[in-house]
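Please work through each task before reading its solution.

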Amino acid sequence: MLESGSKSLAVPVVKMSPSLFNFVDAKEKFTTAARHALGGKTCKQLVNVFNQIPGNETEKKTTLDQALRGVLGDQIVRKTSCDDYLSLIYLSIDAVTEGICSATAPFVLLGDVLDCLPLDLCDKIFSFVEENVSTWKSSSFYTAGKNYLLRMCNDLLRRLSKSQNTVFCGRIQLFLARLFPLSEKSGLNLQSQFNLDNVTVFNKNEQETTLGQKTDEKEDGMEVEEGEMGEDDAPASCSIPIDYNLYRKFWMLQDYFRNPLQCFEKFSWITFVKYSDETLAVFKSYKLDDMQASKRKMEELRASDGEHVYFAKFLTSEKLMDLQLSDSNFRRHILVQYLILFQYLKGQVKFKNSSCVLNDDQNTWVEDTTKLVYQHILNTEENWNAWKNEGCPSFVKERTVDEKPKRPTRKRQAPEDFLGKGPDRKIFMGNDELTRLWNLNQDNMEACKSDSREFMPSLDEFFAEAIEQADPVNMVEEEYKVVRNPNYGWRALRLLSRRSPHFFQPTNQKFKSLADYLDSMVSKLAKELPKDIPSEEIKTGEEDDDDNGDNLLKDSNDSPSIQNKLVTNQQMDDIAAKLGAQWKTLASHLEMKAAELREIETDSEDVDMQAKLLLVAWQDREGTQATVENLVTALNAAGFSQIADSLNET
């Protein structure tokens, strides 16, 4: 303490800096929230924690990424099930959607899981990846995750065995094909490189061969497959022995198919031509298996539960040489290899060396040999090479803003060419009958409005027969009424939609058939017939039946008193507008059921429309008893005396 009388020292005020971002504390909070979110299967807790922690967005997103990886690491150490891993990945996807996590987080977690799990569990995880391909292709994930997915798939392919895990490898390739667009250059062999690792292994030691000098002649009666080889109708006997020398030359050709660039070397080309000539000569003279037997074998393979045995590599055993030469499918594979090789040698490939050009003699030999083995033009392969040579342009052609389609211009005819002159001018339509029809009237619009162009009947004329049949006095059975005729019903609906307001009036009444609906409309139309129509036209019963209260065709205008006056559509609109949100008060006095009130509330959210639906439902239920008097009584009982007075005045 300072002594009294001494000068007081000024203590500087230190301003507290805003709270800084604490990585360790934030990671612990995110980890705890993530574990709780996994239990509740929602990321709301993560969002709340994210908003409470101070710091900028980038720091918090990075910390949440690390926290999710930490939770995944704990799950892997505890060896939990694959469903737990997938739940965490789903949580990260939701976090990316909420904007609290980096877009790469789900892909990092997927990579960690696949790196730590054995192949049998990786199969289940990859099924999840396949099912969510639409998510990975969305704008939120594609750009950030495509490289992660490509690296992840390549790592899986390196771990898998092509012979033992063939199906899994194929699923990965199909997934990549679905994920990336066709113009994605990372999946294309742009430089037309060859798979030099695809080496065909065969016996190169002549001393270990089991082939004899000559093979036994095949049985007679075998047929050459139609169109398979050569020009001769029947094959000659095989003049070339099937020995080790032919075996070695035949399988040596696979090295040229594997690396076609050897064909541009002089000595390699001579060897290739020699081996090819001998092989094609054997194909031409060696007999094929019976075609009918081959077809039966193929049908049996297809019928065996849809499974077909396929070998990606050739079987090069010497014991199979005779069978392979007589197999039409095997020959077809070899001949297609020739076609692909010839197409590369003659085609224009962007990355082919300028020195790789065939001379005239080589071109002549290729053309002659192609005629022997040619079956189908490989147009698809040529188009594929041309597309790659052009740099893999996109298949979607986008039109620039300035570019507009040009309309063809033509010389415009002068009016005098097709119009006459003076008051009697005539328009020529190029056909005498069309010209006559067009010039019947000077003003075509007025001609269309003429009464003679009115073909639609009135409601009174069209429904006169139906109204007459609806009268119980006439005792017309239901099956003989015109409303039961489908053609009549279709025309009645079209006419009602054009001329009757009842067609568009909302109603809660349900009809089982079109005939029931038309019966209801006929009863309404009968009450609205104009006054000038005599009663004899409305009904066909006797005059002394006018006092019958059950007669549907009794004109309401004959009793103008309020007791029999029905509520009109305009009156219901006015009442609904005045009731508004208080329509439920009137509903109890109209004896409406609770289920009907719920249905009205479901049909519309507008209170005026709800009030209108209430009145319409009451009118449909009461029918002829939906009079102004009854509605006024209900309004007064509900406390709407002013509305009731206004209804009496109308």
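**Exercise 1.** Identify the ring over which Lys60 lies, and then the ring over which the charged end of Arg151 sits.

*Solution.* Step 1: Lys60 lies over the face of Phe50, at 4.4 Å from the ring centre. Step 2: the charged end of Arg151 sits over the ring of Tyr148, 5.5 Å from its centre. The criterion is NZ of Lys or CZ of Arg within 6 Å of the ring centre and within 35 degrees of the ring normal.

The model is predicted: local features need pLDDT of at least 70, side-chain atom pairs count only at pLDDT 80 or more, and totals for chains, interfaces and linings use all residues. Residues are numbered from 1 along each chain as its sequence is written, and side-chain values use heavy atoms, with hydrogens and water left out.

**Exercise 2.** Classify the ring pair of Tyr90 and Phe128 and locate both residues.

*Solution.* Step 1: rings of Phe, Tyr and Trp (its six-membered ring) pair if their centres lie within 6.5 Å; planes under 30 degrees apart count as stacked, over 60 as edge-to-face and the rest as tilted. The structure holds 31 aromatic pairs. Step 2: the centres of Tyr90 and Phe128 are 5.0 Å apart and the planes stand at 85°, so this pair is edge-to-face. Step 3: Tyr90 belongs to helix α4 (residues 82-98) and Phe128 to helix α6 (residues 119-131), 38 residues apart, so that the pair links distant parts of the chain; helices are DSSP runs (H or I, at least four residues), numbered from the N terminus. Step 4: Tyr90 is partly exposed at 40% relative accessibility, whereas Phe128 is buried at 4% (buried is under 20% relative accessible area, exposed over 50%, partly exposed in between, with a 1.4 Å probe and protein chains only).

Key:
Helix = DSSP H or I, 4+ residues; strand = E, 2+ residues; numbered from the N terminus.
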